[in-house]
Amino acid sequence: MKALVSRLDSFGDVLLAGPAVRAVAARADRVTLLCGPHGAPAARLLPGVDEVLVWDSPWTGFQPPEVSREEIERLVDAVDADTALILTSFHQSALPTALLLRLAGVRFIAADSEDYPGSLLDVRHHRAPHAHEAEAARDLAEAAGFPRPDDGLLRVLAPPATEALTGPGAYVVLHPGASVPARAWSPGRCAHAVRELAAAGRRVVVTGGAGERELTAYVAGGRAVDLGGRTDAAQLSGVLAGAECVVTGNTGPAHLAAAVGTPVVSLFAPVVPAERWRPYGVPYLLLGDQQAPCAGTRARQCPVPGHPCLEQITAHDVVAAVDKLVEVVR
């Protein structure tokens, strides 16, 4: 059986697909993961993936491309599978992807769908109302004939050694950035947390992408190791795996930390529900007002002046949360 699993969204979304991918891989001869460009680095970290097919979908992402017949034909020609699992978030439709996979000749397609799928789906699954995204994906795989082969936790390929980046000794990671501004703690709060963690005797490593070097330098402030722009996805997994705890918002590195078994202090803005997107399968503490007026809005920019859901969190709250999690896992 040649199987394809589709998850067209972001880095973190692809990591949450991992348990479902492993379920498919346990029965398939070959697994292709169809993902968008932002999810591709995560796709290459997932056990069970034999091939990564990257396609920039016009119905996902914050800046989707224009619809292009040539690009659609390129995708249809590239797909080589007889079975497909289409993974989506709870608010997305799987049907555009299903249509293209049918055109590509995929004979069996399963997806969550509240909309009538016509002949586009062979398994039309209804997800549990409050399921975490990782559990929802795994449930769909089971409904499609791929039973759970393991504990269903997030996993990635073995991380590389990263002591040359972090330096020797125990450390805590603080990741200040987020792809969605409404989900990010302010730079000033992050910098204050670094100062207080250092004052409490913690060694701190600050991480960030290539476009976040200015942010990570400011947050590190000479008191922390600044790895902004210095890690690829695999190296970041190693840095997070070596940490005692990770402090971050609802963003990809929170799920990568969970995938390498590291506890997470989650600075969680409720613009999406924590029950679906919290760190999965590891000890975690959720900080942030989950009943704030922005709850459930999926807003990219905070609609409430002052960003109170996250800005009410103090550096001392973070230090206390880190202390508690580190003690729990000792």
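## His-125 and its contacts

His-125 is in contact with Ala-111, Asp-112, Ser-113, Asp-139, Leu-140 and Ala-143, leaving aside neighbours within four places in sequence. The model is predicted. His-125 sits in strand β6. With a relative accessibility of 17%, His-125 counts as buried, because the cut-off for buried is under 20%.

One of these partners also makes a polar contact. The side chains of His-125 and Asp-112 are joined at 2.7 Å. Thr-297 lies 172 residues away from His-125 along the chain, and 25 Å separates their C-alpha atoms.

Ser-113 belongs to the loop between β5 (108-112) and β6 (123-125). Is Ser-113 buried or exposed? It is buried, at 5% relative accessible area. Its side chain reaches the backbone oxygen of Asp-115 at 2.8 Å.

Beyond four places in sequence, Ser-113 is in contact with Leu-95, Leu-121, Arg-124, His-125 and His-126.

## The largest pocket

The largest pocket has a volume of about 1300 Å³. Its lining counts 43 residues, and the closest to the centre are Ser-10, Phe-11, His-38, Phe-62 and Ser-179. By class, 21 of the lining residues are polar, 14 are nonpolar and eight are charged.

Which helices each supply at least two residues of this lining? They include α1 (11-16), α10 (233-241) and α11 (252-259). In α10, the residues Ala-233, Leu-236, Ser-237, Gly-238, Val-239 and Leu-240 are buried. Asp-232 caps the N-terminal end of α10. One of its side-chain oxygens lies 3.2 Å from the backbone nitrogen of Ala-234.

## The second largest pocket

The second largest pocket holds about 160 Å³ of space. Its lining runs through Thr-88, Ser-89, Phe-90, His-91, Gln-92, Ser-93 and Ala-94, and includes Asp-112, Ser-113, Glu-114, Asp-115 and Arg-127. Six of these residues are polar, four are charged and two are nonpolar.

Some names return here. Asp-112 is the residue whose side chain meets that of His-125.

## The enclosed cavity

Rolling a probe the size of a water molecule over the atoms shows where empty space is left. How many cavities of 30 Å³ or more does a search of the whole structure find? It finds one. About 50 Å³ of space lies in the largest cavity.

The cavity is lined by Arg-7, Ile-86, Leu-87, Thr-88, Asp-112, Arg-127, Glu-133, Ala-136, Ala-137 and Leu-140. Helix α6 (residues 133-143) gives the largest share of the lining, four residues. By class, five lining residues are nonpolar, four are charged and one is polar. Asp-112 and Leu-140, both named in this lining, are also contacts of His-125.

## Cysteines without disulfides

A disulfide is a covalent bond between the sulfur atoms of two cysteines. A search of the whole structure finds zero disulfides.

Cys-309 is buried, with a relative accessible area of 2%.

Cys-302 counts as partly exposed, at 24% relative accessibility.

Methods: Residues numbered from 1 in each chain as written. Predicted model: local features only at pLDDT ≥ 70, side-chain atom pairs only at ≥ 80, totals over all residues. Heavy atoms only, no water. 1 Å grid on protein atoms, 1.4 Å probe; cavity = no way out; pocket = protein on both sides within 12 Å on 5 of 7 lines; lining within 4 Å. Points joined across faces, edges and corners; volume = space filled by probe spheres on them. Nonpolar A, V, L, I, M, F, W, Y, C, P; charged D, E, K, R; others polar. Buried < 20%, exposed > 50% of the residue type's maximum accessible area, 1.4 Å probe, protein only. Polar contact = N/O pair within 3.5 Å; in protein donor to acceptor, adjacent residues only side chain to side chain. Contact = heavy atoms within 4.5 Å. Disulfide = S-S within 2.5 Å.
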